[in-house]
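Subject: Structure handover and notes

Hello,

Please find the model below, followed by my notes on it. The notes go through one part of the chain and then the other.

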Amino acid sequence: MQVSIPHGAEDEARRFYSEVLGLQEVQKPPSLVGRGGCWFRAFDGENITAEIHLGDEEPFYAAEKAHPGLVCESLKELEELASRIDSNGYGLSWAERDTFEGYVRFHTRDGLGNRIEVMTPMEL
């Protein structure tokens, strides 16, 4: 999935997506390096489970409603990630915690204002 970032915002993107969310930055193909932005992946062992491309876009408008949805393996992992996001100064909301049948979730915004949903299957 692609998320827009403003020109020159790669350091803030790295802080949120890599340091806070725990995604691994991967090298862009050489033909795309000059376009700015950065790419991140989530892995389960050697399997890629998510890939987010942060693309340099001008003029930049943060996504208000459109968003990537990331899935945690357990409620414990979800709550730990929420705590890490909060302790790093990023706001989050549990207002829609139980509004998606079968899942527990929260929403946050990266340091550039883009909306991110993080969820886990409801434990029975």
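In which helix is Glu10 found? Glu10 is found in helix H1. Before the details, the ground rules. This is a predicted model, in which local features need pLDDT of at least 70 and side-chain atom pairs count only at pLDDT 80 or more, while totals for chains, interfaces and linings use all residues. Residues are numbered from 1 along each chain as its sequence is written, and side-chain values use heavy atoms, with hydrogens and water left out. Helices (H or I, at least four residues) and strands (E, at least two) are DSSP runs, numbered from the N terminus.

Sheet with S1 to S4

Four strands form an open sheet with mixed pairing, in the order S1-S4-S3-S2; two strands pair if DSSP finds at least two bridges between them. Strand S1 (2-5) and strand S2 (24-26) are at the edges with a single partner strand each, so one side of each has no neighbour in the sheet. From one strand to the next the twist averages 30 degrees. Axes here are lines fitted to C-alpha atoms, for helices over the stretch in contact, and angles run from 0 to 180 degrees between N-to-C directions.

Strand S3 (residues 38-44) and S4 are antiparallel and pair over seven bridges. Within S4, Glu51 is the residue opposite Arg41, and Ile48 is the one opposite Phe43. The hairpin of S3 and S4 has two residues between the strands, and Gly45 there takes a positive phi near 65 degrees. S1 and S4 pair in the parallel sense over four bridges, with His53 in S4 as the bridge partner of Gln2.

The loop between strand S4 (47-56) and strand S5 (69-71) contains Pro59. A cis peptide bond, with omega about 0 degrees, joins Glu58 to Pro59.

Helix H1 and Glu10

Helix H1 (residues 10-20) lies across S1, S2, S3 and S4 and runs at about 10 degrees to S3. Its buried residues are Glu10, Ala13, Phe16, Tyr17 and Val20. Buried means under 20% relative accessible area, exposed over 50%, and partly exposed in between (1.4 Å probe, protein chains only). The cover over the buried residues of H1 includes S1, S3, S4, helix H2 (75-87), strand S7 (103-109) and strand S8 (115-121). Just after H1, Gly22 has a positive phi of about 85 degrees.

Glu10 may be worth a look when you assign charges. Leaving aside neighbours within four places in sequence, Glu10 is in contact (heavy atoms within 4.5 Å) with Ile5, Gly36, Gly37, Cys38 and Asp56.

Sheet with S5 to S8

An open sheet of four strands, again with mixed pairing, has the order S5-S8-S7-S6. S5 and strand S6 (92-93) are its edges; each has a single partner strand, so one side of each is without a neighbour in the sheet. Seven bridges join S7 to S8, and these strands run antiparallel. Thr108 stands opposite Ile116 in S8. Five residues lie between S7 and S8 in their hairpin, where Gly113 in the turn has a positive phi of about 100 degrees. S6 and S7 are antiparallel too, paired over two bridges, and Leu92 stands opposite Thr108 in S7. The pairing of S5 and S8 is parallel, over three bridges, and Leu70 has Val118 in S8 as its bridge partner.

S8 is mostly covered, with six of its seven residues buried. H2 lies across S6, S7 and S8, at about 15 degrees to S7.

Cysteines

Cys72 lies in the loop between S5 and H2. Residues up to four places away in sequence aside, Cys72 touches Glu77, Leu78, Leu81, Val118, Met119, Thr120 and Pro121.

Regards
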